[in-house]
Amino acid sequence: MAVGEFLGMLMAFPTSVFFIPFVVFFLIMLVDLVFNVVEGFTADLDIFDLDNIPGAGLLLPQVLSKVPLMVALCVSCFIATVISFYSAQVNNNLFSGVTNLLIDLVSIPIVAYLSLAISALLLKPLAPLFDRKKAFAQVDYIGLKARVHSNVVNKERGEVVVLHQGNEFLLDAMLQDESTIQYGEEVVIVYKDDTSNRYVVAKA
(Lines give C-alpha, C1' and ligand atoms only; values in the text may rest on other atoms or scores of the structure.)
Protein backbone atom coordinates (compact mmCIF):
# COMPACT_ATOMS: atom_id res chain seq x y z
CA MET A 1 0.00 0.00 0.00
CA ALA A 2 1.46 3.39 -1.01
CA VAL A 3 1.95 6.12 1.57
CA GLY A 4 -0.44 8.43 -0.28
CA GLU A 5 -3.16 5.78 -0.33
CA PHE A 6 -2.66 5.09 3.37
CA LEU A 7 -2.91 8.80 4.24
CA GLY A 8 -6.01 9.04 2.08
CA MET A 9 -7.62 6.28 4.12
CA LEU A 10 -6.71 8.09 7.34
CA MET A 11 -8.32 11.28 6.03
CA ALA A 12 -11.49 9.44 5.06
CA PHE A 13 -14.61 9.65 7.21
CA PRO A 14 -14.96 8.64 10.07
CA THR A 15 -11.25 8.07 10.74
CA SER A 16 -10.48 11.72 9.99
CA VAL A 17 -12.69 12.74 12.93
CA PHE A 18 -9.98 11.38 15.22
CA PHE A 19 -6.87 11.57 13.02
CA ILE A 20 -6.97 15.34 12.43
CA PRO A 21 -7.29 16.19 16.16
CA PHE A 22 -4.50 13.69 16.89
CA VAL A 23 -2.16 15.51 14.51
CA VAL A 24 -3.12 18.90 15.99
CA PHE A 25 -2.68 17.76 19.60
CA PHE A 26 0.60 16.02 18.76
CA LEU A 27 2.02 19.20 17.21
CA ILE A 28 0.83 21.28 20.17
CA MET A 29 2.48 18.81 22.54
CA LEU A 30 5.77 19.07 20.64
CA VAL A 31 5.66 22.86 20.74
CA ASP A 32 4.78 22.75 24.43
CA LEU A 33 7.86 20.65 25.18
CA VAL A 34 9.98 23.57 23.95
CA PHE A 35 7.99 26.65 24.91
CA ASN A 36 5.72 25.35 27.73
CA VAL A 37 2.76 27.37 26.45
CA VAL A 38 -0.13 25.02 27.20
CA GLU A 39 0.33 25.00 30.95
CA GLY A 40 -0.03 28.76 31.13
CA PHE A 41 -3.41 28.67 29.38
CA THR A 42 -4.79 25.56 31.12
CA ALA A 43 -3.39 25.94 34.63
CA ASP A 44 -6.77 26.94 36.06
CA LEU A 45 -8.89 24.73 33.80
CA ASP A 46 -10.14 21.40 35.10
CA ILE A 47 -11.29 20.03 31.76
CA PHE A 48 -11.15 16.43 32.93
CA ASP A 49 -11.92 17.18 36.59
CA LEU A 50 -14.78 14.82 37.42
CA ASP A 51 -14.69 14.97 41.21
CA ASN A 52 -17.69 17.28 41.48
CA ILE A 53 -19.86 15.58 38.83
CA PRO A 54 -22.17 12.89 40.27
CA GLY A 55 -21.75 9.56 38.50
CA ALA A 56 -18.98 10.88 36.29
CA GLY A 57 -16.87 7.82 36.99
CA LEU A 58 -19.32 5.84 34.88
CA LEU A 59 -18.78 8.18 31.93
CA LEU A 60 -15.08 9.01 31.77
CA PRO A 61 -11.99 7.45 33.36
CA GLN A 62 -10.79 9.71 36.17
CA VAL A 63 -7.15 8.78 35.64
CA LEU A 64 -7.11 11.18 32.68
CA SER A 65 -7.26 14.07 35.15
CA LYS A 66 -3.90 13.00 36.56
CA VAL A 67 -1.88 13.49 33.37
CA PRO A 68 -1.24 16.65 31.30
CA LEU A 69 -4.13 17.66 29.08
CA MET A 70 -2.23 17.38 25.78
CA VAL A 71 -0.90 13.92 26.65
CA ALA A 72 -4.39 12.63 27.49
CA LEU A 73 -5.93 14.12 24.33
CA CYS A 74 -3.10 12.99 22.05
CA VAL A 75 -3.09 9.39 23.31
CA SER A 76 -6.90 9.16 23.23
CA CYS A 77 -7.12 10.49 19.67
CA PHE A 78 -4.32 8.18 18.50
CA ILE A 79 -6.08 5.10 19.89
CA ALA A 80 -9.39 6.30 18.45
CA THR A 81 -7.72 6.73 15.05
CA VAL A 82 -6.44 3.14 15.08
CA ILE A 83 -9.78 1.69 16.19
CA SER A 84 -11.75 3.80 13.73
CA PHE A 85 -9.38 2.92 10.86
CA TYR A 86 -9.83 -0.83 11.21
CA SER A 87 -13.54 -0.69 12.06
CA ALA A 88 -14.13 1.44 8.95
CA GLN A 89 -12.31 -1.13 6.81
CA VAL A 90 -14.54 -3.91 8.13
CA ASN A 91 -17.63 -1.76 7.71
CA ASN A 92 -16.76 -0.86 4.12
CA ASN A 93 -16.33 -4.53 3.24
CA LEU A 94 -19.66 -5.58 4.76
CA PHE A 95 -21.97 -2.66 4.01
CA SER A 96 -22.44 0.15 1.50
CA GLY A 97 -24.56 3.22 0.86
CA VAL A 98 -26.77 4.64 3.61
CA THR A 99 -26.20 1.66 5.89
CA ASN A 100 -22.46 2.22 5.75
CA LEU A 101 -22.89 5.92 6.58
CA LEU A 102 -25.23 5.23 9.51
CA ILE A 103 -22.85 2.67 11.00
CA ASP A 104 -19.97 5.13 10.63
CA LEU A 105 -21.96 7.81 12.45
CA VAL A 106 -22.95 5.47 15.27
CA SER A 107 -19.38 4.22 15.63
CA ILE A 108 -17.94 7.68 16.38
CA PRO A 109 -19.15 8.04 20.02
CA ILE A 110 -18.49 4.33 20.66
CA VAL A 111 -14.92 4.59 19.39
CA ALA A 112 -14.41 7.81 21.34
CA TYR A 113 -15.47 6.19 24.60
CA LEU A 114 -13.41 3.06 23.98
CA SER A 115 -10.34 5.15 23.24
CA LEU A 116 -10.75 7.05 26.51
CA ALA A 117 -11.03 3.80 28.46
CA ILE A 118 -8.00 2.24 26.74
CA SER A 119 -5.88 5.39 27.08
CA ALA A 120 -6.75 5.51 30.79
CA LEU A 121 -5.42 1.96 31.21
CA LEU A 122 -2.25 2.80 29.29
CA LEU A 123 -1.61 6.07 31.13
CA LYS A 124 -2.46 4.82 34.62
CA PRO A 125 1.11 3.61 35.39
CA LEU A 126 2.45 7.03 34.29
CA ALA A 127 -0.01 9.11 36.35
CA PRO A 128 2.22 9.34 39.47
CA LEU A 129 5.01 10.83 37.35
CA PHE A 130 2.80 13.83 36.56
CA ASP A 131 1.55 14.34 40.14
CA ARG A 132 3.28 17.56 41.14
CA LYS A 133 2.25 17.23 44.77
CA LYS A 134 4.27 14.03 44.97
CA ALA A 135 7.05 14.98 42.59
CA PHE A 136 8.02 18.29 44.17
CA ALA A 137 8.16 19.04 47.86
CA GLN A 138 7.07 22.54 48.79
CA VAL A 139 9.95 24.51 50.29
CA ASP A 140 9.30 27.45 52.59
CA TYR A 141 12.08 29.88 51.71
CA ILE A 142 11.07 32.56 54.21
CA GLY A 143 13.82 33.07 56.77
CA LEU A 144 16.44 31.09 54.85
CA LYS A 145 19.82 32.54 53.97
CA ALA A 146 20.76 32.87 50.31
CA ARG A 147 23.59 34.13 48.11
CA VAL A 148 23.17 36.78 45.41
CA HIS A 149 23.49 35.09 42.01
CA SER A 150 22.94 38.05 39.67
CA ASN A 151 25.26 41.04 39.29
CA VAL A 152 23.12 43.02 41.72
CA VAL A 153 19.83 42.80 43.54
CA ASN A 154 17.83 46.01 43.64
CA LYS A 155 14.23 47.16 43.88
CA GLU A 156 13.43 46.08 40.32
CA ARG A 157 15.24 42.80 39.79
CA GLY A 158 17.76 40.24 40.99
CA GLU A 159 18.39 36.56 41.58
CA VAL A 160 19.53 34.65 44.64
CA VAL A 161 20.54 31.02 45.21
CA VAL A 162 19.22 29.12 48.24
CA LEU A 163 20.96 25.98 49.48
CA HIS A 164 18.35 23.74 51.11
CA GLN A 165 18.99 20.12 52.11
CA GLY A 166 21.78 19.79 49.59
CA ASN A 167 19.76 21.26 46.70
CA GLU A 168 20.23 24.69 45.15
CA PHE A 169 17.19 26.77 44.22
CA LEU A 170 17.40 29.86 42.01
CA LEU A 171 14.83 32.47 43.01
CA ASP A 172 13.80 35.86 41.63
CA ALA A 173 14.51 38.46 44.27
CA MET A 174 14.14 42.17 44.98
CA LEU A 175 14.77 44.77 47.69
CA GLN A 176 12.29 46.98 49.48
CA ASP A 177 14.40 50.15 49.27
CA GLU A 178 16.62 51.87 46.68
CA SER A 179 19.86 50.20 47.83
CA THR A 180 21.67 47.40 45.99
CA ILE A 181 23.34 44.17 47.04
CA GLN A 182 26.25 42.89 44.98
CA TYR A 183 26.98 39.46 43.54
CA GLY A 184 28.11 36.87 46.09
CA GLU A 185 26.81 38.70 49.16
CA GLU A 186 24.72 36.82 51.69
CA VAL A 187 21.08 37.78 52.20
CA VAL A 188 18.04 36.62 54.17
CA ILE A 189 14.70 35.99 52.50
CA VAL A 190 12.13 38.14 54.27
CA TYR A 191 8.86 37.40 52.45
CA LYS A 192 7.38 36.80 49.02
CA ASP A 193 5.79 39.67 47.13
CA ASP A 194 2.69 38.18 45.48
CA THR A 195 2.31 41.09 43.07
CA SER A 196 5.71 40.66 41.41
CA ASN A 197 6.08 36.99 42.35
CA ARG A 198 9.55 37.79 43.73
CA TYR A 199 11.15 37.21 47.10
CA VAL A 200 12.05 40.30 49.11
CA VAL A 201 15.51 39.93 50.63
CA ALA A 202 17.70 41.86 53.06
CA LYS A 203 21.38 41.82 53.89
CA ALA A 204 22.27 39.05 56.33
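Predicted model: local features only at pLDDT ≥ 70, side-chain atom pairs only at ≥ 80, totals over all residues.
1. Start with the confidence. The protein has a mean pLDDT of 79, and 75% of its residues reach 70 or more.

2. **The overall layout.** Trace the chain from the N terminus and the elements run α-α-α-α-α-α-β-β-β-β-β-β-β. That comes to 6 helices and 7 strands. Take contacts between residues at least 6 apart in sequence: 57% of them join residues at least 24 apart.

3. How many of the 204 residues count as buried? The share is 32%.

4. **Strands 3 and 4.** Now look at strand 3 (residues 159-164) and strand 4 (residues 167-174). They run antiparallel and are joined by 6 bridges. Histidine 164 has asparagine 167 in strand 4 as its bridge partner. The hairpin leaves 2 residues between the strands, and glutamine 165 takes a positive phi there, near 55 degrees.

5. **The partners on either side.** Strand 3 also pairs with strand 1: the two run antiparallel, with 3 bridges. Strand 4, for its part, is joined to strand 7 (residues 198-203) by 2 bridges, and this pair runs parallel. In strand 7, valine 200 is the bridge partner of methionine 174.

6. **Follow valine 160.** This residue is a handy one to click on. It is the bridge partner in strand 3 of valine 148, and its own bridge partner in strand 4 is leucine 171. Valine 160 and leucine 171 also turn up in the largest nonpolar core, among the residues that touch the most other members.

7. **The largest core.** Which residues touch the most other members of this 14-residue core? They are Val153, Val160, Leu171, Val187, Ile189 and Val201. Strand 1, strand 3, strand 4, strand 6 (186-193) and strand 7 each give two or more residues to the core. As background, nonpolar side chains tend to be buried together in soluble globular proteins.

8. Leaving aside neighbours within four places in sequence, its contacts include Val148, Gly158, Val160, Met174, Ile181 and Val201.

9. **The cysteines.** How many disulfides does a search of the whole structure find? The count is 0. Cysteine 74 is in no disulfide, and the nearest cysteine sulfur, in cysteine 77, is 7.4 Å away. Are the two residues buried or exposed? Cysteine 74 is buried, because its relative accessible area is 5%, under the 20% cut-off. Cysteine 77 counts as buried too, at 12% relative accessibility.

Note on methods: Residues numbered from 1 in each chain as written. Heavy atoms only, no water. Disulfide = S-S within 2.5 Å. Buried < 20%, exposed > 50% of the residue type's maximum accessible area, 1.4 Å probe, protein only. pLDDT = per-residue confidence, 0-100. Pairing = 2+ DSSP bridges. Helix = DSSP H or I, 4+ residues; strand = E, 2+ residues; numbered from the N terminus. Contact = heavy atoms within 4.5 Å. Core = buried A, V, L, I, M, F, W, Y, C linked by side-chain atoms within 4.5 Å.
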